[in-house]
Amino acid sequence: MSIFVDTAARMQRNRPLRVAVLGCTGSIGTQTIDVCRQHADKVRVVALSVYSSTQKLVELARELGVGHVAVSDESHATDEVLQNLPQGCQLGMGPRSVVELATLDEVDCVVSAVVGAAGIEAGLAALRAKKTLAYANKESIVVGGDLLMPLVAPGQLIPVDSEHSAIYQCLVGERDKDVRRIWLTCSGGPFYGRTRQELASVTAADALAHPTWSMGPKITIDSATLMNKGLEVLEAHHLFGVSVDQIRVLVQRQSRIHSMVEFADGSVKAQLGPSDMRIPIQYALSYPERWEAPCDAVDWCAEPGLSFGEADEQTFGCLALAREAGRVGGTMPCAMNAANEVANEAFRKNRCGFLHIERVVRAVMDKTDVQRVESLEQLRECDALARRQAREVLLEVS
């Protein structure tokens with residue numbers, strides 16, 4: 001089934017695209033707002049959600065004239081600043097209120113920038129409500145792709161991850177059966193070329209120093225372990241209907257080639273551009289059009305040479321574990337993702353070492369009783385069990 005947009009329907013719209021931004025104060029959310037500001041004649045933000053950042057939520061709601069907001073963390077229900085929301089702005093509290101934003105009649109497109117597997121319910125709701133879903137929440141596709149993808153009508157889901165946006169662009173006008181391989185590019189992270197012995201002593205501060213991309217802390221640590229690339233392999237598997245083994249990770253240190261697609265005749269199409277997440281965000285909102293760039297163009301005559309390398313799955317074992325989870329399928333990716341989220345947070349809080357992240361994920365995967373994915377409740381139970389097991393393993397290694 002094609003995931004590509006009905007271009008005629010998109011081009012016939014005679015009013016601005018009405019957007020809900022879920023997770024509006026995170027890295028992707030704030031950059032989405034930047035794009036919406038730049039193209040205020042083409043995009044109108046009508047709904048916003050945050051986890052707990054109520055001060056910033058109120059500022060954005062007042063600036064953009066938003067009519068609907070939601071705060072996921074109910075402990076912030078009494079925050080005094082919420083009294084300063086614009087007159088008539090409707091406030092929802094709790095996780096369910098975020099899901100409700102995705103189904104509002106006045107919303108055309110939902111930008112899901114919620115971090116982690118928590119975004120899956122909002123994604124399901126948006127798809128069922130026939131909204132266009134601009135998806136930056138890779139974990140929920142990894143965990144619940146078996147539930148999400150059967151609901152996707154042609155043109156309903158547009159990826160926001162830079163790599164998957166690149167693949168999407170390379171596949172426009174091509175036939176699925178002609179795809180031989182996807183080359184998923186990777187900067188290699190801050191520890192490219194290091195040995196496992198060297199990785200044993202790196203700190204969270206070291207890992208948060210990504211060489212080319214500005215991202216949130218969870219994703220930045222995942223990039224250092226290459227788990228982020230493993231999650232992206234599974235995301236591409238679901239989005240583009242290819243096997244895990246048709247996706248090869250290619251280290252491209254300059255982060256200028258954002259991904260490539262190889263076809264049956266040996267031709268390869270690549271998408272290149274600046275290392276700026278606002279470009280794929282904007283493409284998800286503008287397709288099939290291309291709007292004025294949100295950042296400076298690359299001067300290709302002044303660029304140093306492009307380099308390529310192999311992703312080292314032995315040294316960075318999280319990538320290999322993610323591939324294994326994808327091959328097994330069922331609830332294994334859910335367990336793998338939950339264990340990684342727990343271990344990632346523990347490392348960021350200096351409660352375990354860098355290599356312990358891989359060890360925790362491996363241990364939880366070994367304990368997982370894999371089942372066919374059948375419901376959201378089943379995935380919640382699998383996620384909760386894997387998190388408990390991950391915390392138990394952390395007590396053993398710390």
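In the predicted model, helix α7 supplies the largest share of the lining of the second largest cavity, namely three residues. This cavity has a volume of about 70 Å³. Its lining comprises 11 residues, and Ser162, His258, Gln271, Ile279 and Pro280 are the closest to the centre. The cavities of 30 Å³ or more number six.

Helix α7 also holds Ile167. With a relative accessible area of 0%, Ile167 falls under the 20% limit and is therefore buried. Apart from residues up to four places away in sequence, Ile167 touches Ile182, Leu184, Phe240, Ser259 and Val261. The C-alpha atoms of Ile167 and Thr220 are 21 Å apart in space, and the two residues are separated by 53 residues in sequence.

The second largest pocket has a volume of about 350 Å³. Of the 14 residues that line this pocket, Glu341, Val342, Glu345, Ala346 and Arg387 lie nearest its centre. Helix α14 (332-348) contributes the most to this lining, with five residues; both α14 and α16 supply at least two residues. The lining of the second largest pocket contains seven charged residues, alongside five nonpolar and two polar ones.

Helix α2 spans residues 27-38. From the first C-alpha to the last, the 12 residues of α2 reach 17 Å, close to the 16 Å expected at 1.5 Å a residue. The buried positions of α2 are Ile28, Gly29, Gln31, Thr32, Ile33, Val35 and Cys36. These buried residues pack against strands β1, β2 (43-50) and β5 and against helices α3 (54-64) and α12. Thr32, located in α2, has a relative accessible area of 0% and so counts as buried. Beyond its neighbours within four places in sequence, Thr32 is in contact with Val21, Val111 and Ile281.

Helix α5 covers residues 120-128 and is mostly covered, with seven of its nine residues buried. The buried residues of α5 are Ile120, Ala122, Gly123, Leu124, Ala125, Ala126 and Leu127. Their packing partners include three strands, β1 (17-22), β5 (109-112) and β6 (132-135). Helices α4 (95-101), α6 (138-148) and α16 (376-397) also pack against the buried residues of α5.

Just after α5, Lys130 takes a positive phi of about 65 degrees. The backbone oxygen of Lys131 lies 3.2 Å from a polar atom of the Gln156 side chain. Gln156 itself is in the loop between α6 and β7 (157-159). Gln156 has a relative accessible area of 5% and is therefore buried.

Backbone geometry was also examined in several loops. Most residues other than glycine have a negative phi, and most peptide bonds are trans. Ser255 has a positive phi, near 55 degrees, and is placed in the loop between β9 (247-251) and β10 (257-263). Its relative accessibility is 4%, so Ser255 counts as buried. Asn350, which is not a glycine, has a positive phi of about 60 degrees. Asn350 occupies the loop between α14 and α15 (354-367). At 63% relative accessibility, above the 50% limit, Asn350 counts as exposed. The peptide bond from Tyr287 to Pro288 is cis, with omega near 15 degrees. Pro288 belongs to the loop between α12 and β12 (309-310).

Conventions: Residues numbered from 1 in each chain as written. Predicted model: local features only at pLDDT ≥ 70, side-chain atom pairs only at ≥ 80, totals over all residues. Heavy atoms only, no water. 1 Å grid on protein atoms, 1.4 Å probe; cavity = no way out; pocket = protein on both sides within 12 Å on 5 of 7 lines; lining within 4 Å. Points joined across faces, edges and corners; volume = space filled by probe spheres on them. Helix = DSSP H or I, 4+ residues; strand = E, 2+ residues; numbered from the N terminus. Buried < 20%, exposed > 50% of the residue type's maximum accessible area, 1.4 Å probe, protein only. Contact = heavy atoms within 4.5 Å. Expected span 1.5 Å × (residues − 1). Polar contact = N/O pair within 3.5 Å; in protein donor to acceptor, adjacent residues only side chain to side chain. Nonpolar A, V, L, I, M, F, W, Y, C, P; charged D, E, K, R; others polar.
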